Amino acid sequence: MIELPEGVQRVAAALQEKNHPHSPVMLDGAARTAQQAADALGVAVGQIAKSIIFKRIEDDVAVLVVTSGDRRVDEAKVAALVGPLGRANAAFVKERTGFSIGGVSPVAHAMPGVTLIDRELFRFDEVWAAAGHPHGVFKLHPQHLVVLTGAPVADVVEVPEEEDALDTMARENAIKTLAARALSISALAENVPSPCVNVCRMDTGSGLCEGCFRTIDEIREWGRSDDAAKKAMWGHITERLRQTHPGAFA
């Protein structure tokens with residue numbers, strides 16, 4: 001623990017005190033955004049429990065919303081639960097939580113505040129939260145957030161735009177096709193095929209293509225990648241699919 005940054009040490013101590021089964025881990029690269037964290041961990045963006053801080057106007061208390069990485073916080077919904085809100089700048093976040101923006105943990109804050117947990121996190125069995133440093137994260141089940149923080153679960157995010165029936169069918173067929181192809185990739189040593197399944201639309205929430213489950217950077221890198229790198233990319237795609245659409249492999 002001595003080698004860990006001070007903020008991560010505080011989070012590790014808080015988790016240990018609560019007998020949480022997973023200690024913080026340090027990533028090689030920064031995970032200041034949900035997309036960066038998801039890419040580093042090989043999980044879906046929605047599995048990143050991101051921390052959003054607001055300032056309650058009436059008493060300057062910090063309001064922490066722990067939300068799913070592929071959702072946007074609806075400030076009006078939060079305000080309806082806790083009172084009128086203002087923006088929290090970097091200095092306010094650091095003073096009240098003890099952490100810098102990009103590494104705010106849901107636990108071990110420097111000063112007490114108000115916390116709300118996004119119910120959308122409960123779509124997943126496993127999520128990851130910041131551990132007090134832009135490189136630090138820890139694993140947990142969404143229910144662990146309730147145990148660790150004592151905070152209520154609430155509807156605090158914007159409603160995703162509805163898609164029509166044809167869009168839904170096309171996306172579901174693409175996912176099934178992608179899952180079937182993913183199972184055959186491990187047997188290939190060369191000529192690894194592209195995961196593109198002709199549904200080319202980026203999901204603005206997750207940052208992934210709805211057809212191939214790649215990030216825009218992965219799509220750009222595909223043409224410059226060798227077979228080993230392409231298989232590794234397929235591994236990320238497969239893991240994302242297993243986490244978000246396990247039924248596609250049935």
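**Salt bridges and a buried serine**

Modeller: Asp-59 is partly exposed, at a relative accessible area of 36% (buried is under 20% relative accessible area, exposed over 50%, partly exposed in between, with a 1.4 Å probe and protein chains only). Before you ask: this is a predicted model, where local features need pLDDT of at least 70, side-chain atom pairs count only at pLDDT 80 or more, and totals for chains, interfaces and linings use all residues. Residues are numbered from 1 along each chain as its sequence is written, and side-chain values use heavy atoms, with hydrogens and water left out.

Colleague: Which residue forms a salt bridge with Asp-59?

Modeller: Side chains of opposite charge can pair when their charged atoms come close. A salt bridge here is a side-chain nitrogen of Lys or Arg within 4 Å of a carboxyl oxygen of Asp or Glu. For Asp-59, the closest N and O atoms are 2.9 Å apart, and the partner is Arg-56.

Colleague: Is Arg-56 buried or exposed?

Modeller: Its relative accessible area is 14%. The cut-off for buried is under 20%, so Arg-56 is buried.

Colleague: How many residues apart are Arg-72 and Glu-158?

Modeller: Those two form a salt bridge, with closest N and O atoms 3.8 Å apart. The pair links distant parts of the chain, and the separation is 86 residues.

Colleague: Which backbone oxygen lies 2.7 Å from a polar atom of the side chain of Ser-225?

Modeller: Ser-225 is buried, at 16% relative accessible area. The backbone oxygen that lies 2.7 Å from its side chain's polar atom belongs to Glu-221.

Notes. Polar contact = N/O pair within 3.5 Å; in protein donor to acceptor, adjacent residues only side chain to side chain. Helix = DSSP H or I, 4+ residues; strand = E, 2+ residues; numbered from the N terminus.
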